[in-house]
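How do helices pack against one another in this model?

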Amino acid sequence: MDSATTSEKIERDLVVLHRSATIIEAFRSENEQSDGLLRLAGHLASQHQRQWDAETISRDTTAADATVAASKRTIDSLNTARVTVVEQIDDYVASCSTAPDDAPLHTETVGSVIDRLAIAWVRANKLIDAGAKDRARQALHQLRELAAAYDDLVRDVTGGARRVPAWRHLKQYQAAS
């Protein structure tokens, strides 16, 4: 094995798909973390928090039309950034995926699942902050179930028992420049 191949294998082996608890902990901070996946997860949760706030503004029935339009543009911009982060996560996962081509296909990418985890985490926190106890309890239950399913997926992908699709998002949230 030549040195380039050896260093590629060592680099690939250093890539880690973290368990859900570690991913969820990364949602708490957008700080630059040493691990690329955790940094991306933190950034994704931050995007969702900002989007939640922009959507709240867009639904305000007393807001001026210009305010609603501006919040909709903000939502589109945040969605564009979010899709980029999801694709970066998927690229990261592809660099360490060992599943054979004939392994059963999962229905969505790991980036998409982390995206849904971030949405569920933000929703649960916003409902807790709003004092909506019953809805917050349901949101936390959904987050726990999604986290367990994510952990199963990570185990299957890293063990080569399942593969994830190599998709790219097709929806454009802003006009291409």
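Helix α2 (residues 20-27) packs against helix α5 (residues 110-129) at an angle of about 55°, and their axes lie 10 Å apart. That angle makes α2 oblique to α5. The crossing of α2 past α5 is right-handed. From α2, the contact is made by Ile23, Ile24 and Phe27. From α5 come Ile114, Leu117, Ala118 and Trp121. By class, the residues of this contact are seven nonpolar, no polar and no charged. This is a predicted model.

Now the second pair. Helix α3 (residues 36-58) and helix α4 (residues 65-94) have axes that come within 9 Å. These axes cross at roughly 160°. An angle over 145 degrees counts as roughly antiparallel, and α3 and α4 are therefore roughly antiparallel to each other. α3 passes α4 in a left-handed crossing. The contact of α3 with α4 holds 13 nonpolar, eleven polar and four charged residues.

Here are the two pairs side by side.

| Helix pair | Angle | Axis distance |
|---|---|---|
| α2 and α5 | about 55° | 10 Å apart |
| α3 and α4 | roughly 160° | within 9 Å |

Asp76 sits in helix α4. Asp76 and Gln51 are 25 residues apart along the chain. Their C-alpha atoms are separated by 9.1 Å.

Conventions
Residues numbered from 1 in each chain as written. Predicted model: local features only at pLDDT ≥ 70, side-chain atom pairs only at ≥ 80, totals over all residues. Heavy atoms only, no water. Axes fitted to C-alpha atoms, helices over the stretch in contact; angles between N-to-C directions. Helix = DSSP H or I, 4+ residues; strand = E, 2+ residues; numbered from the N terminus. Parallel < 35°, antiparallel > 145°, perpendicular 65-115°, else oblique. Left-handed = near helix turned anticlockwise from the far one by under 90°. Contact = heavy atoms within 4.5 Å. Nonpolar A, V, L, I, M, F, W, Y, C, P; charged D, E, K, R; others polar.
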